[in-house]
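Here are my notes on this one, point by point. Have a look at the model first, then read on.

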Amino acid sequence: MMRLKLDDITLQFADKAIFQGLNLHLKPAEIVCVQTGVLDGGSSLLKLAAGLLTPDRGHVVVDGLAMKDMTEQARFGATCMAFEAGGLLSIFTNYNNIAFPLLYHTDMSKKAIAQRIEPLAEALQIQSLLQLEPHQLNDVQTRMMNLLRAMVFRPKLLLLDEVQSGMSFEMRENMLNVLLTEQQSQGYSVLMTTTVGDRTDFADRTLAITGGKLEPIQ
Amino acid sequence: MLSKIGLRARRSGSVFIGIIGLLGLAINTCPQLLKPQRRRIFWLLFKRQLYNSGLRAASINTIIAMLLGIFVMSKAYAVIPNNTQFIDYYAQFFNIVVNREIGPLISGIILIARSASAVTAEVGQMQLYRQFDALSAVHMSPALVFLLPVFFAFPVSLMLMFFYFNMICVLTSFAMIELYHEGGITLVDYIRALLQQLTVVEVAVSMAKAMVGGCLIGLASLYFGYHVEDRFTDVSRAISNSNTFQLFAFFVLNIGLSYLVYL
């Protein structure tokens, strides 16, 4: 069974067509990078897969279940998107931005949640940022916090929007190392948008959005 | 002129319909609290809201209640002779002025000025910066995270504020009695006289004012915050419109209930 199936997707904003007949199938534990340019629909692709956007035509299916038919509980277990910008609620601390959804969707105790968040935060070297508020983070730290949240939730499919952008070499290497180690131990699939200068060599496939469709990059 | 009146009436009507819609949504979301996971996140957010709207207002409540207690008893002495045998009249004066009318009204105004505008600003800011998308991304219901805590915390806060306001007023008005009188009236006598004046109907009306008024103020603050659009000035406009509506609605509710029950 495919982990993610985007079949014959058409998406349009006002009179601008973003996708026309787009198809994408992801296998379990597969990592796919999508190289994106300016305003070519990278974030929209991830939002479609996360169920945050509804296509004008076509189907979004995760693990055999149509996204539109899923309950919020089922969606929580299916996907989590790490946003390129924002994505955190300003009225909670960074820690609570991660812990509250777990309290909301699972039976985990506060202690168990802390035990899941803290080691990963330490591995990503952002532990000191957990008690701060979202407005105190810069763009890269915000992306890291989004990534941490997505990894802590352990969904079947991780959707990462330009997570490598703006990072120093060491930071990016460490982040990818943590991500790939977690991905192997948890077995989730990853769909990651990338931009110029980002690493894609770890991916099973690399695609690009061309003319509203996804094309493989040789 | 007439078309402007018509436009205003339509806008006010749509606000009322929107608030009734929010009330329906709140009632519809309540069954989610039967799930333990939902209940524990609700409880955390409810406590946060209650702390912000009810407890943190204690200092300003105390100051205003003290001033009012002093003022009311000074006025009582201006119209009722200074004599121990008139203690029932002092209590009656206090009950009519503070307990029935001014206490609820001032508590409501404090709730609107401090907490309701803060909720409108928070929700408006979140709407402006598309933070509700972040909530959708973690598949949490905005109704459970924002609507229910306000829906329950505002009436409870208002009830606490009524009670607290009256307590402080009783103590400061007694302090004035002590100052004017040359002995003869104790605090116990005074409280006993006040309790004799207080009827079940008055308690019920005060509770109704807190319940309905608190819900109305809370729902209106969310309604106006949620209707912020793309401009930064939309937030300040939402706060302004929200406060105007809340003050009007709360005054009408207070006067209406008092008129129906007491007159």
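1. The helices here, residues 110-123 and 139-153 of chain A, have axes that come within 10 Å and cross at roughly 135°. Axes are lines fitted to C-alpha atoms, for helices over the stretch in contact, with angles from 0 to 180 degrees between N-to-C directions. The pair is therefore oblique (under 35 degrees is roughly parallel, over 145 roughly antiparallel, 65 to 115 roughly perpendicular, and the rest oblique).

2. Who makes that contact? α4(A) brings A:Arg116, A:Ile117, A:Leu120 and A:Ala121, while α5(A) brings A:Leu148, A:Met151 and A:Val152. Contact means C-beta atoms, placed from the backbone, within 7 Å. By type, that is 6 nonpolar, no polar and 1 charged (Ala, Val, Leu, Ile, Met, Phe, Trp, Tyr, Cys and Pro are nonpolar; Asp, Glu, Lys and Arg charged; the others, Gly among them, polar).

3. A word on the basis: this is a predicted model, where local features need pLDDT of at least 70 and side-chain atom pairs pLDDT 80 or more, while totals for chains, interfaces and linings use all residues. Residues are numbered from 1 along each chain as its sequence is written, and chains are lettered from A and ligands numbered from 1 in the order written.

4. On to the sheet. In chain A, 6 strands form an open, mixed sheet in the order β6-β7-β8-β3-β9-β10, with β6 (79-82) and β10 (213-216) at the edges. The twist averages 25° from one strand to the next. Strands are DSSP E runs of at least two residues, and helices H or I runs of at least four, numbered from the N terminus; pairing takes at least two DSSP bridges.

5. Inside the sheet, β7(A) and β8(A) run parallel and are joined by 5 bridges. A:Asp161 has A:Thr193 of β8(A) as its bridge partner. α5(A) packs on this sheet too, touching β6 and β7 of chain A, at about 170° to β6(A).

6. α1(A) lies across β3, β6, β7, β8 and β9 of chain A, at about 155° to β7(A). Is this helix buried or exposed? Buried: 9 of its 9 residues are, so α1(A) is largely enclosed by the rest of the structure. (Buried means 20 or more other C-beta atoms within 10 Å of a residue's own; exposed, 12 or fewer; partly exposed, in between.) A:Gly51, with a positive phi near 80°, follows α1(A).

Conventions
Two residues are in contact if their C-beta atoms, placed from the backbone, lie within 7 Å.
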